[in-house]
Amino acid sequence: MDTAEIHNKGVSMDIIRLYRLAAEQGYTGSENNLGNCYMRGGLGVDVDADEAVFWYRRAARKGHKNASSVLTQLGIDHIKGQAPSNPSSLMQETRDRWRVV
């Protein structure tokens, strides 16, 4: 790993840390952004279905349209908290439709 890669990884982790701080304070946009990161595996975090759904649900319950849309595509009721039997499989299908790599 060269210096630029190390710097970029550090910047990415700082962004995730700031998103998390803001989300924990209830900032809806950051909750959605964390959902996006965990759904796609971006900014230095691995894909994590449970973590993505957690943050999307928090944002959707406060009316965030993107978070609600993603949960609907995944077949998750964001109000009642009902999840599909295999959210990881549904996330993969959704990521494939979005062509996220």
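This is a predicted model: local features need pLDDT of at least 70, side-chain atom pairs count only at pLDDT 80 or more; totals for chains, interfaces and linings use all residues.
Residues are numbered from 1 along each chain as its sequence is written, and side-chain values use heavy atoms, with hydrogens and water left out.

The axes of helix α3 (residues 49-60) and helix α4 (residues 65-74), fitted as lines to C-alpha atoms over the stretch in contact, come within 8 Å and cross at roughly 125°. V53, Y56, R57, A59 and A60 of α3 make the contact with N66, A67, S68, V70, L71 and L74 of α4, where contact means heavy atoms within 4.5 Å.

Helix α2 (residues 28-40) has 13 residues, 10 of which are buried (under 20% relative accessible area, with a 1.4 Å probe and protein chains only), so α2 is largely enclosed by the rest of the structure. Just after α2, G41 takes a positive phi of about 75°.

One of the buried residues of α2 is N32, which has a relative accessibility of 5%. Leaving aside neighbours within four places in sequence, N32 is in contact with Y56, A59, H64, N66 and A67. Although N32 and A59 are 27 residues apart in sequence, their C-alpha atoms are 5.7 Å apart in space.

Definitions and conventions. Axes are lines fitted to C-alpha atoms, for helices over the stretch in contact, and angles run from 0 to 180 degrees between N-to-C directions. Helices (H or I, at least four residues) and strands (E, at least two) are DSSP runs, numbered from the N terminus. Buried means under 20% relative accessible area, exposed over 50%, partly exposed in between (1.4 Å probe, protein chains only).
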